[in-house]
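Please open the structure in your viewer and keep the selection tool at hand. The tour moves from one selection to the next and says at each stop what is there.

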Amino acid sequence: MTTNDVLIKVENLHKYFGDLEVLRGIDLEIKKGDVIVLIGASGSGKSTFLRCLNRLEEPTDGKIYFEGVDITDPKTDINLHRQKMGMVFQQFNLFPHMTVLKNMTLAPIRLLKQSKAEAEANAMRLLERVGLADRAYSYPSQLSGGQKQRVAIVRALCMNPDVLLFDEPTSALDPEMVGEVLDVMKSLAKDGMTMAVVTHEMGFAREVGTNVIFIDEGVIVEQGAPETFFDNPESPRLRDFLSKVL
Amino acid sequence: MTAFFTGLADQFYNSIIDKDYWQMLLQGLVATIEIALCATVIGIVLGFLVAMIRSTCEMNLRGKKSRSFGDVILKVLDKICGIYITVIRGTPVLVQLMIMYYIVFASSRNGMLAAILSFGINSGAYVAEIVRGGIMSIDKGQFEASRSLGFDYKRTMILVILPQAFKNVLPALGNEFIVLLKETSVAGYVAIMELTYMANLIISRTYNAFFPLIIIAIIYLVLVVILSFFLKKLERRLRNSDH
């Protein structure tokens, strides 16, 4: 395997909130096409870890290499690298004062210097793919939770990112809407999109994950392919966790 | 009964028509509008500037340990803005106006400029707090979503945060401008010939207070109603995204 396949490399990542050490030394490699699923109890640090990857949280110590560049170096322009790392949030965070189409074309037009026509054509193509082409001129407040999250995913896709980060994308959804969002994520994974997903959806982890990671108390306790991970968990803590959620 | 109405008509003639007193009121009205408009512009510019400095400081520097040179400058600016707001909100606008006129502009005695600056600086402090409140009320997720797309802090503010904040604070801002418009009536204290001063002048010449006061009250009322109308219209236009 060549190092070119490694998209994100995390070395010895630490994060403190005040005196509280939330991440206590995490090492991880994410390769092109991987679907990394991060699971763990709430407060385990999995969301914080994900948010460190695009520096929405500033890591206290350690290094993160994205496409070979150390993005924890204060001298790197993080805004440039963020264009290549899409993020999808639990609370969707669509811009409420813009239509769906405007939400999606804002960044491509302003940052990638796409023409309006080009950005809109691309956005409409993506909206069609997730079945929301008829909502292009709606405002976010007119959409259901599942629709909002699908828009949030395609908004991130409009930037042609090399990796998508999902921070509990289905946790704020009504149960009947979880499926439609997971379906979109599955189809993305099938197309080879590199993804890092913090979730409580074990079914998704098992079905789509190439690598499942269990984080507890700020460290990676266990990781592996979903079959071995779920069927033969080694550590007692993971066994305990799985017995509660499965 | 007829005597009462002819009496009123006489009073109206003596206070308003005679000696072209109405022209004095018109002149006063122009001065009032001039002061209010210019002060509003200064207030908005100053207020947004101060609000940006304060909320930038609040969002970026809180709990941050290592500080760059830029951070230190920002911190100093933030402190200055804090003092500005405390002093302006803590003293009467009339006192500020008199300080401006009798001390700062002591040599030139440019009353108009003193009034515009005083009311503008005064309004800026209130606008700053209104706008800062609006910025801080926007969900943090909006900020993060914009940053995660690759926008820098400045563009996040301009494209995502301020449009939403502005919509939320518009009623409070409108209120501030209504107050400002009416507050200009104290400018007569430093011999600026605005509307209330002119009414007073007519009263002192005719020894009759009724019509000058009633008429300027109606003029202020009409001005405020017009201002409110346009603010409502703007509010409705900005609200088209919440259905």
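**Before you start**

This is a predicted model, in which local features need pLDDT of at least 70 and side-chain atom pairs count only at pLDDT 80 or more, whereas totals for chains, interfaces and linings use all residues. Residues are numbered from 1 along each chain as its sequence is written, chains are lettered from A and ligands numbered from 1 in the order in which they are written, and side-chain values use heavy atoms, with hydrogens and water left out.

**Stop 1: the sheet of 4 strands in chain A**

Helices (H or I, at least four residues) and strands (E, at least two) are DSSP runs, numbered from the N terminus, and two strands pair if DSSP finds at least two bridges between them. Begin with the open sheet of 4 strands in chain A, whose order is β2-β1-β4-β5 and whose pairing is antiparallel. Because β2 (20-31) and β5 (69-70) of chain A stand at the edges with a single partner strand each, one side of each is left without a neighbour in the sheet.

Now select β4, residues 61-66 of chain A, which runs antiparallel to β5(A) and is joined to it by 2 bridges. Here A:Tyr65 stands opposite A:Asp70 of β5(A).

Contact means heavy atoms within 4.5 Å, while axes are lines fitted to C-alpha atoms, for helices over the stretch in contact, and angles run from 0 to 180 degrees between N-to-C directions.

**Stop 2: the sheet of 6 strands in chain A**

Stay in chain A and move to the open sheet of 6 strands, with the order β6-β7-β8-β3-β9-β10 and mixed pairing. The edges are held by β6 (85-88) and β10 of chain A, each with a single partner strand, so one side of each has no neighbour in the sheet. On average, neighbouring strands of this sheet are turned by 20 degrees against each other, with direction ignored.

Which strand of this sheet pairs with β7 (residues 163-167) of chain A in the parallel sense over 5 bridges? Select β8 (residues 194-198) of chain A to see that partner, where A:Val197 is the bridge partner of A:Phe166. Helix α5 (residues 145-157) of chain A packs on the sheet and touches β6 and β7 of chain A, its direction making about 170 degrees with that of β6(A). Helix α6 (residues 175-190) of chain A lies across β3 (35-39), β7 and β8 of chain A, at about 145 degrees to β8(A).

Then select β9 (residues 211-216) and β10 (residues 219-224) of chain A, which pair in the antiparallel sense over 5 bridges. A:Ile213 stands opposite A:Gln223 in β10(A). The hairpin of β9(A) and β10(A) has 2 residues between the strands, and in this hairpin A:Glu217 takes a positive phi near 50 degrees.

**Stop 3: two helices of chain B**

Two packed helices are described by the angle between their axes and the distance between the axes. Select α3 (residues 69-90) and α5 (residues 111-137) of chain B, which pack at an angle of about 115 degrees with their axes 9 Å apart. The residues of α3(B) that meet α5(B) are B:Tyr84, B:Ile85, B:Ile88 and B:Arg89, and among those they meet in α5(B) are B:Ile121, B:Asn122 and B:Glu129.

**Stop 4: the largest cavity**

On a 1 Å grid over the protein atoms alone, a cavity is a set of points where a 1.4 Å probe fits but cannot get out, and a pocket is an open set with protein on both sides within 12 Å along at least five of seven lines; lining residues have an atom within 4 Å of a point. Grid points are joined across faces, edges and corners, and a volume is the space filled by probe spheres set on the points.

A search of the whole structure finds 1 cavity of 30 Å³ or more, and about 50 Å³ of space lies in the largest cavity. To find the largest cavity, select its lining: A:Met87, A:Phe89, A:Phe92, A:Ala152, A:Arg155, A:Ala156, B:Ala145, B:Ser148 and B:Leu149.

**Stop 5: the second largest pocket**

Finish at the second largest pocket, which holds about 260 Å³ of space. Its lining includes B:Ile33, B:Phe177 and B:Phe230, and α9(B) gives the most to this lining, with 5 residues.
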